[in-house]
Amino acid sequence: MRTALVNGRIMAGSGLLSGQTLLLSGARIEALVDPKDERCAGAVTVDLEGQLLLPGFIDVQVNGGGGVLFNDDPSPDSIRAIGAAHRRFGTTGFLPTLISDDLDTIGRAIAAVQSALGAEVPGVLGIHIEGPFLNWARRGVHDSKHLRPLDTSLVALLSGLKAGRTVLTLAPEMTTPEVIAQLTAAGILVSAGHSEASFAETTAAIAQGLRGFTHLFNAMARLEPRDPGIVGAALYDQDTWCGIIVDGHHVDPVMLKLALRCKRHSRFMLVTDAMPAVGSPEPTFVLQGRTIRVVDGICRDENGTLAGTALDMAGAVRNAVSLLGLDIVEAARMASEYPAEFLGLGHELGRIAPGYRANLVLMDHEFNVQKTWIEGLAD
Ligand SMILES: [Zn+2]
């Protein structure tokens with residue numbers, strides 16, 4: 001079936017195009033054409049009414065949504081519910097994210113994602129395993145009883161997902177460069193986080209394949225004059241990606257603007273680090289036995305520790321415009337093209353171009369989501 005999306009401002013190439021029609025054929029983008037193109041004649045036509053058509057957002061860090069926490073019930077049904085909750089905010093690709101838990105739960109979470117991929121649950125692209133190989137001193141809300149070092153014996157378990165992508169967040173000081181090399185060789189995208197790794201430790205990890213940094217600045221040792229540490233390494237290295245939480249609370253926008261001056265914008269990606277509160281009316285949720293309260297859009301435990309976010313991707317994009325001073329095209333790239341490249345999916349996701357998967361989001365002039373498509377199917 002062919003669909004013609006007409007009368008939109010379409011993000012393609014280096015900017016926004018008007019007066020063009022986007023043709024979808026099945027699950028793929030077919031072409032961007034003149035409205036008089038003969039292929040439009042038999043197509044189902046959708047009038048975009050002058051609104052913005054952007055590549056669908058890709059969120060590599062999603063703990064929950066719609067009242068569901070992935071850790072509580074790592075199942076295909078949970079993944080489906082989380083994906084549906086975030087889709088309302090423009091997310092058309094995501095990694096359900098398991099925070100530090102026991103090895104049995106990690107195994108079940110990988111099996112759940114495998115099943116979800118097999119069942120073609122909309123939007124699921126793989127799994128993000130965040131911990132438990134984290135530094136106790138930077139654990140944030142991760143339960144300290146699960147934290148442990150990582151040795152070679154666990155590489156097989158962690159690389160068990162046979163389709164989709166696996167991102168693993170670890171603290172480099174909780175393992176060795178050799179294990180990072182083995183994880184990378186097994187296809188895992190290793191990201192550093194919840195860490196006090198030194199500059200040298202982090203640089204050694206990068207040399208062995210470390211690909212990114214999880215929520216840059218948060219749960220990391222500080223940048224110090226005589227100790228650049230993990231943040232210094234993240235900003236100094238030009239090739240690794242940095243996930244950033246742009247909610248106005250986790251990181252001062254000035255710090256993020258400084259980070260953007262250190263390396264290419266294409267090495268930053270907006271993440272939500274979302275908790276069950278996104279897409280749910282409930283003001284509280286339970287995280288591994290602790291009650292988390294959402295006040296003014298901020299999730300905290302009873303000690304005041306930040307516990308993920310109530311941020312959605314549309315909000316992250318709006319904040320990237322309002323707080324970081326980016327234009328909508330660059331903000332949208334940080335939510336689509338750049339995370340797609342981080343995941344090694346940049347050849348088929350994250351852009352509006354012929355042959356790409358038809359994952360799209362339609363936003364109004366205030367950047368609120370009006371409609372989404374996943375694999376050519378509208379919501
Ligand atoms: Zn975290």
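View 1. Glu-130 and His-215 are both buried (buried means under 20% relative accessible area, exposed over 50%, and partly exposed in between, with a 1.4 Å probe and protein chains only). This is a predicted model, in which local features need pLDDT of at least 70, side-chain atom pairs count only at pLDDT 80 or more, and totals for chains, interfaces and linings use all residues. Residues are numbered from 1 along each chain as its sequence is written, and side-chain values use heavy atoms, with hydrogens and water left out. Three residues coordinate the zinc ion at 2.0 to 2.2 Å: Glu-130 through OE, His-194 through NE2 and His-215 through NE2. Along the chain, these donors follow the spacing E-x63-H-x20-H. Glu-130 sits in strand S12 (residues 126-130) and His-215 in the loop between strand S15 (212-213) and H6, so the pair ties together parts that are 85 residues apart in sequence. Donors here are N, O and S atoms within 2.8 Å of the metal (3.2 Å for Na, K and Ca); water is not among the atoms, so sites may look incomplete. Helices (H or I, at least four residues) and strands (E, at least two) are DSSP runs, numbered from the N terminus.

**View 2. A cis peptide bond from Gly-131 to Pro-132.** The bond from Gly-131 to Pro-132 is cis, with omega near 15°. Look for Pro-132 in the loop between S12 and helix H3 (155-158).

**View 3. Where helices H5 and H6 cross.** The axes of H5 (residues 199-207) and H6 (residues 229-236) come within 7 Å and cross at roughly 45°. That angle makes H5 oblique to H6 (under 35 degrees counts as roughly parallel, over 145 as roughly antiparallel, 65 to 115 as roughly perpendicular and the rest as oblique). Axes are lines fitted to C-alpha atoms, for helices over the stretch in contact, and angles run from 0 to 180 degrees between N-to-C directions. From H5, Phe-199, Thr-202, Thr-203 and Ile-206 meet Gly-229, Ile-230, Gly-232, Ala-233 and Tyr-236 of H6 (contact means heavy atoms within 4.5 Å).

**View 4. His-86 and its surroundings.** His-86 belongs to helix H1 (residues 76-87). With a relative accessibility of 1%, this histidine counts as buried. Setting aside residues up to four places away in sequence, His-86 touches Val-62, Gly-64, Gly-65, Thr-91, Thr-272, Ala-274 and Val-278.

**View 5. His-249 beside Asp-296.** You will find His-249 in the loop between strand S16 (241-244) and helix H7 (253-260). His-249 is partly exposed, with a relative accessible area of 41%. Beyond its neighbours within four places in sequence, His-249 is in contact with Asp-296 and Ile-298. Asp-296 lies in the loop between S19 and strand S20 (298-300), and counts as exposed at 71% relative accessibility. Its phi is near 50°, a positive value in a residue other than glycine.

**View 6. Helix H8 and what covers it.** Seven of the ten residues of H8 (residues 313-322) are buried, so this helix is largely enclosed by the rest of the structure. The buried residues are Met-313, Ala-314, Gly-315, Ala-316, Val-317, Asn-319 and Ala-320. Their cover includes strand S8 (57-62), strand S11 (91-99), strand S17 (268-270), helix H9 (328-334), strand S22 (360-363) and strand S23 (369-374).
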